[in-house]
Amino acid sequence: MSARFNDAMSPDWSAESAAPPVSHGVAPTGQTPQASFSKSSATAPFTPSEAATVTSPIDSGKSYSSNAYRWNRKSYSRQRRYVDIWTFVLQLLTAQWAYSKPWTYPGGMTEENQAIRRRKLAVWIRETLLDLGPTFIKVGQLFSTRADLFPVEYVEELSKLQDRVPAFGYEQVEEIIWQELGKGIPELYRSFDPIPIAAASLGQVHRAQLHSGEEVVVKVQRPGLAKLFDIDLKILKGIAHYFQRHPKWGRGRDWLGIYGECCRILWEEIDYLNEGRNADTFRRNFRHEDWVKVPRVYWRYSSPRVLTLEYVPGIKISHYEALEAAGLDRKMLAKLGARAYLQQLLDKGFFHADPHPGNIAVSSDGALIFYDFGMMGQVQPVTREKLMNTFFGIAQKDADKVVEALVSLGALSVSEDMGPVRRSIQYMLDNFMDKPFETQSISAISDDLYEIAYDQPFRFPATFTFVMRAFSTLEGVGKGLDPEFNFMEVARPFAMQIMANGNGSETGGLLEEFSRQAAQVSSSALGLPRRIEDTIDRLERGDIRLRVRSQETDRVLRRLSNVNMGTNYALLAGAFTLSATILLVNNLIWVAVLMAIPAAIALFAWVRLMIRIDRADRMF
């Protein structure tokens with residue numbers, strides 16, 4: 001027999017089942033709960049040979065053999081991983097080099113052609129990361145939150161990363177459970193389905209029943225995962241060092257810091273005890289809400305590589321026809337989803353960092369069910385206060401205040417010239433704040449933020465980008481449930497409540513504002529002499545440098561540089577041509593041809609350079 005796992009967005013239902021699509025209570029990290037559940041005897045083992053052929057969750061109907069995934073094994077070749085990973089990096093560097101070369105574009109280097117190439121490259125990166133396995137799938141998902149590092153096309157493609165891996169065998173499941181819990185499956189569970197209901201890069205999920213009668217799901221980590229992480233992360237450390245020292249990509253980037261953050265998140269995500277603690281915290285935060293359900297953790301049957309959770313079935317929130325068939329109000333569910341997330345973020349500061357449709361289901365009574373707590377975000381009180389300062393600056397259209405708040409948040413690096421950044425922020429404030437609050441789209445705002453952030457001194461913290469991505473995802477889910485849904489409209493009461501809490505009563509808020517402005521003026525006045533003295537001291541020490549740019553001078557210098565380069569090309573072309581001629585006269589034809597090739601290349605480069613100089617001269 002063979003196990004079949006289909007795309008979580010479109011679960012495959014057998015002809016015998018007339019029930020609506022149901023999510024089965026938990027997803028392995030990074031993967032959606034699968035729809036079909038085959039009730040098999042625990043005595044019918046799911047062997048490695050049977051697990052060898054699995055249908056891709058992305059390319060339905062396309063089979064993948066276990067040989068297609070060299071990383072999917074207990075032991076790994078460090079040398080092979082080194083070759084695979086560095087091959088990908090070198091191919092990426094080559095593609096990035098070619099991106100800025102006009103002669104690599106058949107139809108000319110236009111903005112449209114560049115956008116097409118960026119999109120194709122982004123798709124290739126996503127597919128290659130899938131082939132490289134769990135470490136790179138997770139790193140790609142984390143990088144999808146770093147719009148300050150990558151173009152928007154890369155961010156969009158990386159955010160689509162979904163695990164596409166084969167399941168591992170039942171014998172390995174038995175071995176892992178024995179190693180982790182100290183007992184065999186028959187001693188721990190009354191029944192245990194050998195065929196997983198979901199499979200992902202970090203683990204897979206089996207349905208089971210405890211001897212006490214409770215229905216549960218058991219999440220088992222993929223064998224050898226920690227060893228694979230150890231090998232891959234050591235290789236990635238070398239890559240981070242390379243990028244940190246790179247003259248172009250290393251400037252203004254803390255690649256080693258990003259590497260450290262990725263390591264921390266990855267090791268936390270494969271610690272199932274940490275996920276269990278997250279689930280318990282999330283469950284406690286909603287204990288007084290009957291419209292939110294969270295699976296209970298069975299700690300006696302859990303360990304760092306095995307997690308046993310309550311079986312809480314529900315209809316997947318993106319299965320709209322099934323929701324209607326169950327008599328559930330889709331408009332109300334859309335509002336509940338937004339309300340649940342705003343409550344997580346603003347009331348508790350502890351939120352689900354990956355609320356995609358596969359991690360949210362709906363019970364028969366209309367309650368939301370949350371799954372997969374491997375990736376959670378936390379907003380500390382001091383950070384919330386700084387976010388509030390940013391929010392007030394945006395509300396007042398004060399770019400200076402927004403810049404100051406972003407710097408205090410660590411979301412913006414201070415540079416020598418903050419003028420362009422301040423103007424970008426003011427442009428956004430002038431364009432967005434003129435629109436009614438209810439008509440604005442989270443996705444549109446986040447896209448524009450990412451466009452501004454790329455290649456600028458913005459350094460959005462992971463928490464901020466997790467929030468923006470979650471908001472965009474929930475807005476998409478809401479619009480799927482209700483085409484008229486607007487996330488900003490649902491968020492308005494929360495925003496008004498925050499403003500009210502921050503400003504107090506109208507009279508009190510006015511008095512507080514007057515006192516705050518007076519305090520700022522007095523502070524600035526008292527501190528002005530000291531600031532002037534500090535500035536003079538810095539001038540004397542040479543810490544302050546005045547930089548003046550002249551466009552005309554820059555143009556002349558560029559022209560001189562190009563002329564010098566043209567001279568070099570001409571000398572090379574002449575030298576190689578002379579060598580080829582001498583060799584040809586002496587009947588060394590093949591050697592002469594070899595000399596003629598670099599001569600032709602140098603001549604071609606010289607002609608292109610002369611055309612570029614002529615075009616630049618005509619512009620002025």
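Visitor: What makes Tyr-272 count as buried?

Guide: In this predicted model, Tyr-272 has a relative accessible area of 0%. Buried means under 20%, so Tyr-272 is called buried. Tyr-272 lies in helix α9, residues 272-285. Tyr-272 and Arg-305 are 33 residues apart in sequence, yet 5.7 Å apart in space, C-alpha to C-alpha.

Visitor: Why is His-206 called buried?

Guide: The reasoning is brief: the relative accessible area of His-206 is 0%, and the cut-off is under 20%, so His-206 is buried. His-206 has its place in strand β5, residues 203-210.

Visitor: Which residues is His-206 in contact with, leaving aside neighbours within four places in sequence?

Guide: They are Val-173, Phe-192, Asp-193, Pro-194, Ile-195, Pro-196, Val-216, Val-217 and Val-218.

Visitor: What makes the pairing of the His-206 and Gln-204 side chains a polar contact?

Guide: The contact joining these two side chains is 3.1 Å. A polar contact is a pair of N or O atoms within 3.5 Å, one able to donate a hydrogen and the other to accept it; at 3.1 Å, the pair is within that limit.

Visitor: Let's turn to loops. What is the phi of Asp-372, and why is Asp-372 called buried or exposed?

Guide: Asp-372 has a positive phi of about 60°, although it is not a glycine. Asp-372 is found in the loop between β12 (368-370) and β13 (376-378). The relative accessible area of Asp-372 is 4%, and buried means under 20%, so Asp-372 is buried.

Visitor: And why does Asn-587 count as buried or exposed?

Guide: Exposed means over 50%; Asn-587 has 63% relative accessibility, so Asn-587 counts as exposed. Asn-587 sits in the loop between α19 (551-585) and α20 (589-618). Asn-587, a residue other than glycine, also has a positive phi, near 65°.

Visitor: Which residues of α1 are buried, and what do they pack against?

Guide: Among them are Trp-86, Phe-88, Leu-92 and Tyr-99, along with Arg-81 and Asp-84. The buried residues of α1 pack against α2, α3 and α7 (225-245).

Visitor: What span does α7 reach, and what do the buried residues of α7 pack against?

Guide: The 21 residues of α7 reach 30 Å from first C-alpha to last, close to the 30 Å expected at 1.5 Å a residue. The buried residues of α7 include Leu-225, Phe-229, Asp-232, Leu-236 and Phe-243, and they pack against α1, α3, β6 (215-221) and α8 (255-269).

Visitor: How do α2 and α3 pack, and which residues meet?

Guide: Helix α2 (residues 111-132) and helix α3 (residues 134-143) pack at an angle of about 140°, with axes 6 Å apart. Leu-129, Leu-130 and Leu-132 of α2 meet Pro-134, Phe-136, Ile-137 and Gly-140 of α3. The residues of this contact divide into six nonpolar, one polar and no charged.

Visitor: What about the protein chain overall: how many helices and strands, and what share of residues count as buried?

Guide: The protein chain has 20 helices and 13 strands, and 46% of its 620 residues count as buried. Among contacts between residues at least 6 apart in sequence, 70% join residues at least 24 apart.

Definitions and conventions: Residues numbered from 1 in each chain as written. Predicted model: local features only at pLDDT ≥ 70, side-chain atom pairs only at ≥ 80, totals over all residues. Heavy atoms only, no water. Axes fitted to C-alpha atoms, helices over the stretch in contact; angles between N-to-C directions. Helix = DSSP H or I, 4+ residues; strand = E, 2+ residues; numbered from the N terminus. Contact = heavy atoms within 4.5 Å. Nonpolar A, V, L, I, M, F, W, Y, C, P; charged D, E, K, R; others polar. Buried < 20%, exposed > 50% of the residue type's maximum accessible area, 1.4 Å probe, protein only. Expected span 1.5 Å × (residues − 1).
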